[in-house]
Amino acid sequence: MEASLQKQVDRFCNQYLQIEQTLTYPESQYLRRSEVQDAIYQRLFAGDSLPGGSPPLRYQVRVLKELVSSIEASIEDWDEHGVSDGLMSSLSVLLSTAAPDEADAVQQKCHVVYRLASLPGHKARITLFENRFLISAGGTTGLRTWEAALHLGQLLCLNPSIVSGKRILELGAGTGYLSILCVKYLESTHVIASDGSDDVINNLPENLFLNQLEGSSAISPMDLKWGHALVGTEEERWNGARPLDVILGADITYDSGVIPALVVTLLELFGFYPHVEVIIAATQRNLQTFQVFLEKCEQEQLKAEDVSFGIQPRDRQEGPFYNDQVAIRICKVSKL
């Protein structure tokens, strides 16, 4: 398969594995070709193609129906081209399978695969068990990966020296995307994946397992609730006085109600580690909320400086895929 065509097939398959709502199908002159349809079938819909688990049933049905319709629309000569028997058979099986109630489907967690196209090679991927269908930053938001984590991850992939050989603390780790990225691909010495939600902390071991990090001494989940004293009566120094070089946080400023507690925790960490580098990424869903964070930092003698790093246009993204229409701000926070 020629390189330009392979790229289109790869992009579509990677979007499907990330369970994207909008997919880019190969161009019509390619989609009608049997080798293209067979490649998609073997990678996505054959019985043993996805050993980690298939996407939710409703998603599979929707995508496969759209794919078959696109193939049919691309065919000009039905004597020369047709629709793959494998794809048609898969669609028939899916349509005959009882689908869960839509309300239940929205709560369903599934395996989501993020391709890291900016890293060398073709196999750099992070697989997470998450709720891909949470649609807003409310409730237990740590059960899916949000845009700011994907964007900050891109910055780290293109500038690995930020975390390479360093000890990292991730605040509000959620699914663990950034923590796993740092350990698995960016050669961080050690990462603490912290979060204040019991549900999130309980979900992390499975995501570590999915990325061959189960039992690794290089990454440690930690229950860390912002605003609570980091050092209690049973310990003299937080984290056993081990060094810390970088603190990361993505989409952790969405709720103005938690910002004072977050800043209190940052201040305490700066007290332990005066020279630690803090990098915060925030999707600008609500400009006022992030402004609350900036104002609170200023009140507490913290300086937030913008890091210039633009979002790649959606039509040029090869993975991970995320919204290019909502601004994502990355800031370095330091103690004055």
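Author: Two strands pair if DSSP finds at least two bridges between them. The model discussed here is predicted.

Reader: What makes β6 and β7 a pair?

Author: Five bridges join β6 (residues 246-250) to β7 (residues 277-283). At least two are required, so the two strands count as paired. They run parallel, and Ala 250 stands opposite Ala 281 in β7.

Reader: Which sheet holds these strands, and in what order?

Author: An open sheet of seven strands, in the order β5-β4-β3-β6-β7-β9-β8, with mixed pairing. β5 (219-223) and β8 (302-307) each have a single partner strand, so one side of each is left without a neighbour in the sheet. From one strand to the next, the twist averages 20°.

Reader: Which helix lies across β3, β4, β5 and β6?

Author: Helix α8 (residues 177-184) does, running at about 175° to β4 (190-195).

Reader: Why is Lys 123 called exposed?

Author: Its relative accessibility is 75%. Exposed means over 50%, so Lys 123 qualifies. Lys 123 is in the loop between β1 (110-115) and β2.

Reader: How do you know that Arg 144 has no salt bridge?

Author: The nearest side chain of opposite charge, Glu 130, is 4.7 Å away. A salt bridge needs a side-chain nitrogen within 4 Å of a carboxyl oxygen, so none is counted for Arg 144.

Reader: What does the side chain of Arg 144 reach?

Author: The backbone oxygen of Arg 132, at 3.4 Å. The cut-off for a polar contact is 3.5 Å, so this distance falls within it. Arg 144 is in the loop between β2 (125-130) and α7 (147-158).

How values were computed: Residues are numbered from 1 along each chain as its sequence is written. This is a predicted model: local features need pLDDT of at least 70, side-chain atom pairs count only at pLDDT 80 or more; totals for chains, interfaces and linings use all residues. Side-chain values use heavy atoms; hydrogens and water are left out. Helices (H or I, at least four residues) and strands (E, at least two) are DSSP runs, numbered from the N terminus. Buried means under 20% relative accessible area, exposed over 50%, partly exposed in between (1.4 Å probe, protein chains only). Lys and Arg count as positive and Asp and Glu as negative; His and the chain ends are not counted. A polar contact is a pair of N or O atoms within 3.5 Å; within protein, one must be able to donate a hydrogen and the other to accept it, and residues adjacent in sequence count only if both atoms are side-chain atoms. Axes are lines fitted to C-alpha atoms, for helices over the stretch in contact, and angles run from 0 to 180 degrees between N-to-C directions. Contact means heavy atoms within 4.5 Å.
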